Every structure is written in C-alpha cells, then in structure tokens.
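Please consult the sequence and the model shown below while reading.

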Amino acid sequence: MVGHPVTEGEVALDVPSAGKPCKTWYIIVGNVKKSARPPVIALHGGPGSGHDYMVALADLYEERGIPLILCDQMGCGRSTHLPEKKGDETFWTFDLFISELDNLIDHLNLRDTSFHLIGQSWGGMLGGAYAARQPRGLRKLVLSGSPASMPLYKKACKYRLAELPSDIRGLLEGDDVNHDSPEYQKAANVFMRRYVCRLDPVPDPIQRAWKNLKENPAAYSTMQGTSEFDTCGTLKDWEGWKDAHKIEVEVLLLNGRYDEVMDFVMEPWFKAINKVKWVTLENSSHTSIWEERERFMQLCGQFLSQD
C-alpha cells in the first residue's frame, strides 16, 4: 500500500460480556469522503486470520479508484484480544461479529453513501449472514471461498483428505491425532499447500494470517475447531444458504478449482441468491486473491464498478 493515501483508526465497541473495553482497529486506503465510488469493506477469514492477507485488495483502489477499508475483527490483530474467552460458545457468535461490522459502518458514516463487502472464507460467511439481514447502505457483495454449508464443507474436506497420500492422511485423521506433534504439523502443511495456498513460496501476508490463528486462537478454536479440515466448533452445523434468499443485493461468488471449498459447497449460495454470478478460478485453491491476483481483481473490479 506504499504510495497510497492511508488512514488508520480505532473505534470503541460495546461488548458487555467481554468484561473489559473493546475496540476494532481499521485502516482505509483512499479517501472515502471524496471518492465518487463506494468503498469496499474487506472481511478476513478465520475467524482470527486478521487483515494482513487482504491487503492485496489495494489493487482495486490503484486500478479502479475504489477505496478499501480493512479491519481486524475482534480477537485478533490490532483489535482487542480475548484469550480468556477461548471455548466460550456464548461469546463468539455471528451476532458479535455482525454488531462489530455495524459499529464500524456507522462510525465511518457509510449508511447513506453506500458500501460494498468482500468476504473471504469465514469473512464471506459473515458477509452472507449480514447481507441476509438487508442492512441499509449495502450495495454489492463478493463471497470468495465461503462455504454456504458447513456440513457440506466438512464433506469436501474429507474428499480432499482422500486425495492425499495414505501416509499423510493417516497422520491427519483418527480420534487419537496429536495436533501438536511435529508430524501432524508437517502433514497439515501438505493439506494447506494443496487446498489453501498453492503458491511457492507462500506470500508473507498469508503466512502472517496463519500465524495470527496460532497466536490468537480463541475465536477460531471455539467456532471452527482444532484444524482447517475438521470443523468441530460452533460453526459445524451452520447452513447460511437457508437465509440467502433474503439477500437483495447483487452477489459475485468466487472459488478455486483446487479449493477446500469445493463447487458443491458453493452451489447452495448460487441456487438461493436471487441476483448472483459464479466464477471458479482454474489455477487457484482457497486464496485466489493471491494465487490468481490479476484475474481476481479483474472480476471484482468489473463487478463492483458496474451500475
């Protein structure tokens, strides 16, 4: 984002159950007030990955003049950390993150000027759930590698695991798996390098996202579970597509040919949403925002720029 006009800020968030003051950190690329184009708010994955890898979306400002708003969701990055809430299923909820998003939107006075959302992975699940509530000001929505159904996602992960060599698969599956062992970590990295990011080397911003999940696992471990491919947290039964018919705005769906979020996991979005387009990027897995960056930005830029 070097050379672009950048503004950083924090906004207080009232979360009584947190037991302490909370804040959301954000950064804006471009000038929201002076721009003729609505800004796009980027919703990162995880939960808990942080904004780092979403910085690639600054391309949309550079190429299209679309201001970009990045933030760290509660529990990670430069926003409030709550390690003491690890395992608290009543705390880490969709309502928490939706209230945080609403709070940021109101703080930036975007209701009347309008805004777009781009959600990647968990961020798209959040974006889909938010759009189904028909919030005032939302103009368009992009869901990238975002499961419409977590039971289907878990099924897809089993398919992807079955594609791995038997010795790798044996280290990742079973009831007695030691998630902290070096052998498990090495095997899990094979999965990540095939179905999450296929670039070699993995870009630093994506590595920072993975590091964020390890250093601040409270939200992720509670909602997702112990690994990327075995959802055992509170999200395990989530079926976002069931409310997707309530989404009124235009939606662009994106996933990768080698994505852990396989086509049949995206399909319920496509069937349920009224105004929707779906593109699968042929040379990507889960992070097409980096794996096919130029194509990703072209698709998003055209979609967000059309009236």
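What share of the contacts in the chain with a separation of 6 or more comes from residues 24 or more positions apart? In this predicted model, such residues account for 73% of those contacts.

**Overall form**

The secondary structure of the chain consists of 11 helices and 8 strands. The radius of gyration is 18 Å, close to the 19 Å that the globule rule gives for 307 residues, so the chain is as compact as a globular protein of that length. The C-alpha trace spans about 55 × 45 × 40 Å along its principal axes.

**Surface and charge**

Of the 307 residues, 58% count as buried. The chain exposes about 13,400 Å², and carbon and sulfur atoms supply 47% of this area. Among the side chains, 35 are positive and 42 are negative, and the centres of these two sets lie 3 Å apart.

In soluble globular proteins, nonpolar side chains tend to be buried together. The largest nonpolar core of this chain contains 104 residues, of which Leu57 and Trp92 touch the most other members. Helix 2, covering residues 94-107, gives the most to this core, with 7 residues. When residues up to four places away in sequence are not counted, Leu57 touches Ala42, Leu68, Ile118, Ile289, Phe296 and Met297.

Is Arg160 buried or exposed? Because its relative accessibility is 7%, under the 20% limit, Arg160 counts as buried. Arg160 has its place in helix 4, residues 150-162. Leaving aside residues up to four places away in sequence, Arg160 touches Phe191, Tyr195, Arg257, Tyr258, Asp259, Glu260 and Met262.

Thr90, in turn, is found in the loop between strand 4 (68-72) and helix 2. With a relative accessibility of 72%, which is over the 50% limit, Thr90 counts as exposed. Thr90 and Thr234 are 144 residues apart along the chain, and their C-alpha atoms are separated by 9.6 Å.

The accessibility of these two residues is set out below.

| Residue | Relative accessibility | Class |
|---|---|---|
| Arg160 | 7% | buried |
| Thr90 | 72% | exposed |

Note on methods:
Residues numbered from 1 in each chain as written. Predicted model: local features only at pLDDT ≥ 70, side-chain atom pairs only at ≥ 80, totals over all residues. Heavy atoms only, no water. Helix = DSSP H or I, 4+ residues; strand = E, 2+ residues; numbered from the N terminus. Rg over C-alpha atoms; globule rule 2.2 N^0.38 Å. Buried < 20%, exposed > 50% of the residue type's maximum accessible area, 1.4 Å probe, protein only. Contact = heavy atoms within 4.5 Å. Areas by Shrake-Rupley, 256 points an atom, 1.4 Å probe, with all protein chains shown as cover. Lys, Arg positive; Asp, Glu negative; His and termini not counted. Charge placed at Lys NZ, Arg CZ, Asp CG, Glu CD. Core = buried A, V, L, I, M, F, W, Y, C linked by side-chain atoms within 4.5 Å.
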